[in-house]
Amino acid sequence: MLGSTQERVTGYKVQKMDERRELFKASQSPVNTPLTTSIEVRFNSTGLMAKDYSGGSPKHHHLEAKRKRLTWVLGVSGLCVLFYVLGAWQNSSSTANNNRSEVSSKAGCEVTTPTASKSHSTDLPSSSSSLDFEAHHQIGINETGGSQKFPACDMSYSEYTPCQHPARSRKFERAMLKYRERHCPTKEELLLCLIPPPPKYKNPFKWPQSRDYAWYDNIPHKELSIEKAVQNWIQVEGDRFRFPGGGTMFPRGADAYIDDINELIPLTSGKIRTAIDTGCGVASWGAYLLKRDIVTMSFAPRDTHEAQVQFALERGVPAMIGIMASQRIPYPARAFDMAHCSRCLIPWNQFDGMYLIEVDRVLRPGGYWILSGPPIHWKKYWRGWERTEEDLKQEQDAIEDVARRLCWKKVTEKGDLAVWQKPMNHIECVKSRKLYKTPHICKADDADAAWYKNMETCITPLPEVSSSDEVAGGALEKWPERAFALPPRISTGSIPGITAEKFREDNELWKDRVTHYKRIISPLAQGRYRNIMDMNAYLGGFAAALLKYPVWVMNVVPANSDHDTLGVIYERGFIGTYQDWCEAFSTYPRTYDLIHAAGVFSIYQDRCDITYILLEMDRILRPEGTVIFRDTVEVLVKIQSITEGMRWKSQIMDHESGPFNPEKILVAVKTYWTGDATQQKN
């Protein structure tokens, strides 16, 4: 009985063991394997079957499963990102290569030699390499409409200067020559057409040949060659003008005249870098100073002599339309190392000496003022000037008196030249107010404010100093070290938020950017461009980075900028002006080869219709000239859509740092076209 029972138990155990083996094998099958740990089946000491969770508790197994699932998701996501980055890199690399190879040869246009007539190559990279943003950014165009095609204006507007238009100027007061100041058109008077070049317009001569020659067809005016024939301003030679370098007071030429000045004050030591020439004529004085590393802001009124400022700019010499009348000239205080007037016909002794007071404002401490022509050396010239000796003597005495009251020191008067020097500071000048009651020193005045601000008959105060031999506002390095030395306006903290570190960073930034520009616009290094405008110059870093090229830059600081940095630009040895880009610039049409606009349209798109800003850029840009825009994609797409109606060709390109930078670059070229020769020109 027992044996049979034992056998039954043993048989039962064997049967159960077989069942357990089958169950264990089934648990290892991929189909039946659960996400939790497998269950191991065994007998306890009584022989009864029990469950053992060898992997730990069920909760632990559940968490481990979640971790595995998360790892799998992250792994797949990482692979997706990796392949996307590799694809973007490959695409941007090929696009960049296309841009460099195609834009380098096309964006700047072909170079016209002096013997050539025209060049028409204005192609940009093919559309296959274009960055397509249209499908992804629905941009609203401003009120004039981006798809609008702009017609050519009548040929009577070929030399149109909107804010110095003679027909409009005649409506204004003639006292103090106010009618020759800026008087811009109203919104209703703005033109929605393109200013036409003359029918036979040619690309100008390259610098330095352009200093001496210009094409007659570009500025078809012989008036100066006749009126100033004996003074050697300009001569007509066949199909071109020649500029012998003469002037009213330097019949031996500007070079010899400048040599005479150099005997009186040091022009080649690097101490004098920036100059201003009032009533500049065709700017031969400024043209010949350039080889002495002195850059001159030359200005003259519109139509005093036909197109004189236009001739200056056609020569590749810095100049702009301007006049000393009732408003301050648009430059900051303490800007120029030297000021010059050669028979400029400015009544220095009138209006309580207001014009000399304005020269004092823009002249640096220790700067020089040079005067030649009436009344200097009147004893020799009074008959030729058709004035009496008494009249001329009285005028010179009055000028001398105003200069003394300004605390200027007369350096010398030799031959046809007289030179005065502004004091280094105002310590002694303040004491002299006990002797000279007028002009008094201005109170609480922004000395740099010069956009539509009336002149004053008070002395602009200089920054305070602690000793009489200290330079007010800070001493400057000699040129060329001055270009990258820390400007005093920054080192003294007079411009909030701009530090020495920001200044250094800005210089490095523009060094890299200009290197990039050279790759995409190769003519930058080939002399294709001479006159360059920076519409939003900030600290002048763009101009500084261009120093090694044969160019000059008109650095523009928007009049409504958060920071007035134009004084910094002058302290670095560059020139520039204030400007509100909702208005026209004070220059003739077709006077700039390259325009740089960094962030300009983000500033102005909510202030005025940007279409008129672009039409103004078209007016001042030469045929086949280039524009570089830097802005957000949204703004650049809007700009591009407008310029398509202006006969421009353009290409949006990646930022120099790569495709992931939200800022992009738009390179545009104004195509070659001219006005209709059959149109009647008024």
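This is a predicted model: local features need pLDDT of at least 70, side-chain atom pairs count only at pLDDT 80 or more; totals for chains, interfaces and linings use all residues.
How far apart are arginine 504 and glutamate 501 in helix α13 (residues 500-520)?

Residues are numbered from 1 along each chain as its sequence is written, and side-chain values use heavy atoms, with hydrogens and water left out.

Back to the opening pair. Arginine 504 and glutamate 501 are three residues apart in helix α13, so about one helical turn separates them. Helices here are DSSP runs of H or I with at least four residues, strands are runs of E with at least two, and both are numbered from the N terminus. The two side chains meet in a salt bridge at 3.4 Å, N to O. By salt bridge I mean a side-chain nitrogen of Lys or Arg within 4 Å of a carboxyl oxygen of Asp or Glu. Arginine 504 is partly exposed at 46% relative accessibility, and glutamate 501 is partly exposed at 41%. For those words, buried is under 20% relative accessible area, exposed is over 50%, and partly exposed is in between, using a 1.4 Å probe and protein chains only.

Salt bridges that share partners also join Asp255, Asp259, Lys291 and Arg292 into one network.

Helix α10 (residues 389-405) has a pair too: lysine 393 and aspartate 397 sit four residues apart there, about one helical turn. Their side chains form a salt bridge at 2.9 Å, N to O. Lysine 393 is partly exposed, at 42%, and so is aspartate 397, at 39%.

Arginine 622 is in strand β17 (residues 621-632) and glutamate 314 is in helix α7, 308 residues apart. Are these two partners buried or exposed? Arginine 622 is buried, with a relative accessible area of 4%, and glutamate 314 is buried at 5%. In total, the count comes to 36 salt bridges.

Helix α7 (residues 308-314) also holds glutamine 310, which is buried at 2%. Leaving aside residues up to four places away in sequence, glutamine 310 touches Glu159, Asn218, Ile219, Tyr588, Pro589 and Arg590; a contact means heavy atoms within 4.5 Å.

Let's go inside. A nonpolar core is a set of buried Ala, Val, Leu, Ile, Met, Phe, Trp, Tyr and Cys residues joined through side-chain atoms within 4.5 Å. Which residues touch the most other members of the largest one? Among its 136 residues, they are Met338, Trp348, Trp369, Phe601, Met617 and Phe629. This core draws at least three residues from each of domain 1 (250-471) and domain 2 (482-670), with bounds from an automatic or database domain assignment. Apart from it lies another core of nine residues, including Ile219, Trp233, Phe241 and Ala307.

To finish, the whole protein. Its secondary structure comes to 18 helices and 19 strands, and 52% of its 682 residues count as buried. Among contacts with a separation of 6 or more, 70% come from residues 24 or more positions apart.
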